Amino acid sequence: MTWLTWRQFRAQTIATAGFLALCAVTLVVTGLSLAHLASITGLSGCHAAGCVIPADNFIIGVHGMFADHVIGLGTGVLYLAPAIIGIFWGAPLIAREIETGTFRLAWNQSVSRTRWMMAKLGLIGLAALATTGLLSLLTGWASSNWYRAAAVARGRDAPMVNRFEPILFGSQGIVPLGYAAFAFALGVTAGLLIRRTIPAMAVTLAGFAFVELGWLSWVRPHLMTPVRASVPFNVNGITGIMLGANNQMLVTTSVDKPGAWILANQTVRSSGRPFTGPATPACLGQGMQQCQASIARLHLRQLVTYQPGSRFWAFQWYETAIFVALAVALAGFCVWWLRNRRLT
């Protein structure tokens with residue numbers, strides 16, 4: 001059974017191996033280049049506050065290379081990999097057998113339905129996890145110095161990079177493995193129920209995208225209770241002033257929470273009520289400095305809701321465990337369905 005599964009999956013395996021080899025060479029070269037740059041700029045040996053100048057020099061050096069583009073490409077590939085696995089590995093796995101009728105031959109041999117299904121799910125599922133894991137490991141290693149520098153750099157070229165932000169979190173650490181397992185199991189389930197390869201692939205893509213977007217909006221922010229803090233308004237970090245009708249004024253400012261995922265940042269009065277104006281005269285026609293001074297006299301505060309950066313790995317483990325559990329549940333459903341339903 002193992003040999004037969006390998007024969008059927010041989011083309012995908014060879015294509016995946018070639019793709020991995022290309023990615024590995026690119027990321028290893030990039031990682032070694034960044035490690036050398038970290039060494040000559042002093043980033044690799046610095047500690048705490050002493051890393052600011054080395055980090056700024058490192059970032060400047062990176063701009064003369066294509067390393068940041070390679071890291072961005074690696075991040076994009078890690079976002080696409082689970083969906084591709086679900087569409088091209090998961091959906092056709094059973095649907096193609098049913099669509100072509102080859103399942104009749106397979107089940108007339110000495111192999112039972114359950115063993116046939118478990119072999120396919122196990123071997124190809126492990127291949128999916130290994131592929132995603134290697135990509136995540138290589139990308140994380142190659143970009144480690146980049147993220148370290150970005151976290152402390154203060155120069156004008158310093159990038160606004162935070163691994164906890166939604167745009168990057170899903171391509172970091174171990175979470176891509178959970179996504180890959182879920183996408184693969186979702187594709188297999190869609191193929192088993194729909195029995196047609198192309199429609200199953202479309203449903204897999206739509207279903208995976210819906211779950212990912214829904215998870216990001218409705219679930220991930222609440223995996224752990226967010227922290228709420230009231231801090232003095234940062235006048236020097238004002239990012240926007242909006243003047244509206246009836247003399248209204250809305251003002252926003254940056255939040256000094258390194259590595260944190262900011263969920264909400266609301267400007268409030270000292271009483272705790274949201275600040276909506278009235279607009280200060282200095283902000284209506286005078287310069288920025290006068291406007292900042294007038295806002296400072298209002299004694300505003302920031303009501304910040306956030307997930308601390310120290311929770312990054314806790315979120316990684318929670319989210320991975322949930323998606324792996326969903327994948328196992330879908331795989332169990334597929335085995336149950338195949339054992340108890342008659343296919344014609």
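## Second largest pocket

The lining of the second largest pocket consists of 15 nonpolar residues, four polar and no charged. Here Ala, Val, Leu, Ile, Met, Phe, Trp, Tyr, Cys and Pro count as nonpolar, Asp, Glu, Lys and Arg as charged, and the others, Gly among them, as polar. The space in this pocket is about 310 Å³. Of its 19 lining residues, L121, A181, A327, V328 and A331 are the closest to the centre. Two or more lining residues come from each of α6 (113-152), α8 (175-194) and α12 (312-340).

## Basis of the model

The model is predicted: local features need pLDDT of at least 70, side-chain atom pairs count only at pLDDT 80 or more, and totals for chains, interfaces and linings use all residues. Residues are numbered from 1 along each chain as its sequence is written, and side-chain values use heavy atoms, without hydrogens and water.

## Disulfides

Taking a disulfide as a pair of cysteine sulfur atoms within 2.5 Å, the count is two. C46 is joined to C51 with an S to S distance of 2.0 Å; the torsion about this S-S bond is about 105°, so the disulfide is right-handed. In the disulfide of C283 and C291 the sulfur atoms lie 1.9 Å apart, and a torsion of about 90° about the S-S bond makes it right-handed.

Buried denotes under 20% relative accessible area (1.4 Å probe, protein chains only). C46 is buried at 9% relative accessibility, and C51 is buried at 4%. Both C283 and C291 are buried.

## Helix α9

The buried residues of α9 are T197, A200, M201, T204, F208, E212, G214 and W215.

Note on methods:
Buried < 20%, exposed > 50% of the residue type's maximum accessible area, 1.4 Å probe, protein only. Helix = DSSP H or I, 4+ residues; strand = E, 2+ residues; numbered from the N terminus. 1 Å grid on protein atoms, 1.4 Å probe; cavity = no way out; pocket = protein on both sides within 12 Å on 5 of 7 lines; lining within 4 Å. Points joined across faces, edges and corners; volume = space filled by probe spheres on them.
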